[in-house]
Amino acid sequence: MRFIHLGDLHIGKSLGEYNLIDDQKYLLEQILGLISERSVDAVLIAGDVYDRTLPSEAAVNLLDWFISSLAEAGIKTFIISGNHDSEDRLSYGKRLFSDKGIHIVSGFKGELEQFDLEDEYGRLKICMLPFIKASQVRYYYPDEDIPSYDDAVRTVIEHADIDYSGRNILVAHQFVTGEGDPKAAGSEGASVQNVGLIEKISFSSLKDFDYVALGHIHSPQRVGRDNIRYSGSLMKYSLSEANSSKSVPLITIRGKGDAEIELIPLRPMRDLRHITGKLVQLLSSENITDTDDFMYVTLTDEEIIDDAMNIIRQYYPNTVKIDYRNSHTKELEDFDISETADSKSFDELISDFYRKMYGTEISSDELGIMMSAAREAGVVHEAD
Ligand SMILES: [Mn+2]
């Protein structure tokens, strides 16, 4: 039996002011193409289906189109909720969809939900664990000792009485660690960036499954072993991912313990790139490529360029953000504000800041405007 593992679709997400719905549709079409080319039987979607709990109309339409296409092609689909999804909204229509082979488990109801598939090697179980917190598991298992997420997941799995002599797949959306922490992409949000010890789950709790399809971390990677993986997000969702690439795990499971994993690269409609240099170099004709891409531009020019964003957008209309890296920003990086702030008055601080940013003295008119704004904001008082 052959599977595709997806996760962190974040349907409806935008990048700065740019809506990504067309890019997401392009990638989902590519995945449908792959499914038919490689005779895929089932799709696992490991949470963060939508980007937000209240998805836009365009986002709902796109998911509707995708799961309808899967159902029409006869593909069994298994979807769990992630921390970005609304459990209730993602549950919409789930009993009806189930008849068409689209199985949604959104929100934890006290046990690991399981579905049986069948092929020439016998039965294969799909176990679905939507995003959970330890407190939810404690509620259902008041007699168990559940200090951490690791204990929570282990408790749920133990109570599921899984027959490990047969073949089992787990779909989950959690922070699972291998030899070390998984490498985050940077677009996951605070739930991953500030993850505490108590929220981490060791891969060893999951090692008896034939394959574990994880969501939550946006960089594609294995966790502890090859058959426990994060698929990674559908596309690059932040600047920190500019130099990475996305892929889809294609898993062929034959007999017990015989899972073959192939990583299929995803080709985005518009890539996300980061370029660095002086404005004239970056915009010289030999350096201009792929002008539809989403661009992050770091200018190394010493002087601030008037209207740089609009100039760059004449060449790269989908520029998301520009910033500077030069001797002034270097000085600012080295500058310890806490040391100076206590010993200087407000107008001295503003004058210093202006000098560092623009390399010239602030005029008395400009300083006057800053002082009156500061008085209005209550930062300084008349007597200062
Ligand atoms: Mn996510």
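Analyst: The model is predicted. Its domain assignment gives domain 1 (2–265), domain 2 (272–328) and domain 3 (335–376).

User: What separates the centres of domain 1 and domain 2?

Analyst: Taken over C-alpha atoms, the distance between the two centres is 37 Å. The contact between them takes 10 residues from domain 1 and 10 residues from domain 2.

User: How much area do domain 1 and domain 2 bury between them?

Analyst: About 870 Å², with 70% of that on carbon and sulfur atoms. On the domain 1 side, Leu 15, Tyr 18 and Leu 239 lose the most area to domain 2. Together these residues make up 62% of what that side buries.

User: And polar contact, how many residue pairs between domain 1 and domain 2?

Analyst: Five residue pairs, both residues at pLDDT 80 or more. The side of domain 1 that touches domain 2 divides into five nonpolar, two polar and three charged residues.

User: How many salt bridges across that interface of domain 1 and domain 2?

Analyst: The rule finds one. As for salt bridges by residue, the side chains of Glu 17 and Arg 313 meet in one, at 3.3 Å from N to O.

User: Now the whole structure. How many salt bridges does a search find?

Analyst: The search finds 18. One pairs Lys 125 with Asp 116, where the closest N and O atoms are 2.9 Å apart.

User: Is Lys 125 buried or exposed?

Analyst: Lys 125 counts as buried because its relative accessibility is 15%, under the 20% cut-off.

User: Which residue forms a salt bridge with Asp 181?

Analyst: Lys 200 does, with the closest N and O atoms 2.8 Å apart. This pair links distant parts of the chain, 19 residues apart. Asp 181 is in the loop between β10 (176–177) and α7 (190–193), and Lys 200 is in the loop between α7 and β11 (201–202). Asp 181 counts as partly exposed, at 45% relative accessibility.

User: Different spot. Which residues are linked with Lys 344 in a network of salt bridges?

Analyst: Asp 352, Arg 355 and Glu 361 are linked with Lys 344 in that network. Within it, the side chains of Asp 352 and Lys 344 meet at 2.5 Å, N to O.

User: What about the accessibility of Asp 352 and Lys 344?

Analyst: Asp 352 is at 16% relative accessibility, so it counts as buried. Lys 344 is at 31% and counts as partly exposed.

Note on methods. Residues numbered from 1 in each chain as written. Heavy atoms only, no water. Domains from an automatic or database assignment. Contact = heavy atoms within 4.5 Å. Buried area = accessible area lost by both parts, 1.4 Å probe. Salt bridge = Lys/Arg side-chain N within 4 Å of Asp/Glu carboxyl O. Polar contact = N/O pair within 3.5 Å; in protein donor to acceptor, adjacent residues only side chain to side chain. Nonpolar A, V, L, I, M, F, W, Y, C, P; charged D, E, K, R; others polar. Buried < 20%, exposed > 50% of the residue type's maximum accessible area, 1.4 Å probe, protein only. Helix = DSSP H or I, 4+ residues; strand = E, 2+ residues; numbered from the N terminus.
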